[in-house]
Amino acid sequence: MAVAHSLCSGMGGIRTAGDLVSRMELSKNMKIGKAKEYVAKKLEVDPFELTNEGLMREMREDLGIGVITAVPGIPKGTTAKMNIESLLGIKINSCEHSRSMLRN
Amino acid sequence: MDEILAGMADGADAADAPDLTQDDIERMCDIICDPSNIVGVEPGEQVIVTKDGGEFKFSQDSGGCGVGITSISRAAAVQMYERAFAFDTLELGWMDYSFKPLKTVVYEEMVTYEQIVETVIPPFMYGAMPNMGLYYAPDGQFRNPNDLMRVSNMEDSMEQSELAAEQLVGDMEYITGQFTKIGLEGFDFDTTGSAGDAEFVATLRGAETYRKQDPNANIIIGMSSESILGLHGLMEYKGYRVAGMYPAEQAKMAELSGANVFGAVVNTNSSKSFPWNVARATTIIKKCTSEANIPVHANLGMGVGGIPICEVVPTDTVGRAGKILIELAHIDGV
């Protein structure tokens, strides 16, 4: 059932820009329209294009914010999220935690 | 069409909500009558999907609507939600999915979370239900308020609710405090209010405490039912008596507590049709989204939001309910 919702109504997570829009709803209380506008502005695309898989696949690799397929040598997990912090101008707790554990 | 009008009227009456517009009603009828099996939103209309229950839906038995793949690891399950199902957000949860049992395993859960969060990209929440019923006899340390009400001992019933609420707030503070130490991105307080008004107030206080512990936390408060049951009757949060509140008022309480997202519930009436139920849900949630200052995600699982009450839910109702609530009630997520 949850998978049906993801397909019928969801933004597509890291296939597109769903994770980025989620970050703005969850961290800045932005409603969906405002969150899409914010992310689209940061990506320099039209909000309508945030769910364009072809466009977003290339942009995500170029920006180092993680892609859904297994590509060697590009940012994944926490490294990708650190790039998302810079892109969106937010702090992500798990990234802060990782940085806090580095010795230097 | 008659079913839609009747469901709308019932929802408007229950939640003191305005009727849907004629355009809304006609559009809803078109979506319900769409002959397609899978019905989805138009490009550009997609919203965020959040989910309760986390990764253990793979391994759990049918009691939690799980599919019993017990051989799959928790990390693999989260990564499948990310990469196979393309979810917008992710969640981890303990199999009991309640604060009380979580307290005893919180350190194991912290380590599990730390290991998985380094491998995934979308917002990764931890989730649990307040489930205050577990604090009452025969499972818990407090006398059962329902048993006390049966013998007309109202004062003791109310006192036990208040004591259980205090214990729950303390457990929430302990658990979120521990998780905050390891960089938890956010917490999903799910199925809130299942034990009535005292549980709802306890959860709001728990969220408020968590916000103080971590100003950067992502906090979701999702409900268990459309109105707050007044099992205590006089519980208040910041001067507002919560018993009887419907989603629009509940969202305001969530906002006051410091939550980022509110999860609105409208119960499905199993004696009524899908059009009746989805029209009722749309009427009630449209009022909530129009008044809330924080994003509203509609709960669209089995038995809520117009979705039928059955273990294996018809997929065509899932897509239709989502499309109707996105287009007509303007929800920010599912």
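This report describes the pockets, cavities, surface and backbone of a predicted model.

## Basis of the model

Local features need pLDDT of at least 70 and side-chain atom pairs count only at pLDDT 80 or more, whereas totals for chains, interfaces and linings use all residues. Residues are numbered from 1 along each chain as its sequence is written, chains are lettered from A and ligands numbered from 1 in the order in which they are written, and side-chain values use heavy atoms, with hydrogens and water left out.

## The largest pocket

Two or more residues each come from helix H1 (2–9) of chain A and from strand S3 (186–192), strand S4 (218–223), S8 and H11 of chain B, helices being DSSP runs of H or I with at least four residues and strands runs of E with at least two.

The largest share of this lining, 4 residues, belongs to H1(A). By class, the lining has 26 nonpolar, 16 polar and 7 charged residues, where Ala, Val, Leu, Ile, Met, Phe, Trp, Tyr, Cys and Pro count as nonpolar, Asp, Glu, Lys and Arg as charged, and the others, Gly among them, as polar.

The largest has about 80 Å³ of space, and its lining, which includes Thr50(B), Lys51(B), Tyr81(B), Met125(B) and Ile220(B), divides into 5 nonpolar, 3 polar and 3 charged residues.

The second largest cavity, with a volume of about 70 Å³, is lined by residues of both chains, among them Arg23(A), Leu26(A), Ser27(A), Glu185(B) and Asn218(B), and H2(A) gives the most to this lining, with 3 residues. Helix H2 (residues 18–28) of chain A is largely enclosed by the rest of the structure, because 10 of its 11 residues are buried (under 20% relative accessible area, with a 1.4 Å probe and protein chains only). The buried residues of H2(A) include Arg23(A), Leu26(A) and Ser27(A), and just after H2(A), Asn29(A) takes a positive phi of about 60°.

## A nonpolar surface patch

Met1(A), Met302(B) and Ile309(B) make a nonpolar surface patch of about 260 Å². Ile309(B) is found in the loop between strand S8 (296–298) and helix H11 (315–328) of chain B, and counts as partly exposed because its relative accessibility is 47%, that class lying between buried and exposed, the latter being over 50%.

## Backbone features

Most residues other than glycine have a negative phi, and most peptide bonds are trans. In chain B, Thr191(B), placed in strand S3, has a positive phi near 55°. His330(B) also has a positive phi, near 55°, and lies in the segment after H11 of chain B, where His330(B) counts as partly exposed at 47% relative accessibility.

The peptide bond from Ala137(B) to Pro138(B) is cis, with omega near 10°, and Pro138(B) is placed in the loop between strand S2 (124–128) and helix H6 (145–150) of chain B.

Notes: Patch = residues over 30% accessible without salt bridge, like charges linked within 9 Å, V, L, I, M, F, W, Y side chains within 5 Å. Areas by Shrake-Rupley, 256 points an atom, 1.4 Å probe, with all protein chains shown as cover. Salt bridge = Lys/Arg side-chain N within 4 Å of Asp/Glu carboxyl O. 1 Å grid on protein atoms, 1.4 Å probe; cavity = no way out; pocket = protein on both sides within 12 Å on 5 of 7 lines; lining within 4 Å. Points joined across faces, edges and corners; volume = space filled by probe spheres on them.
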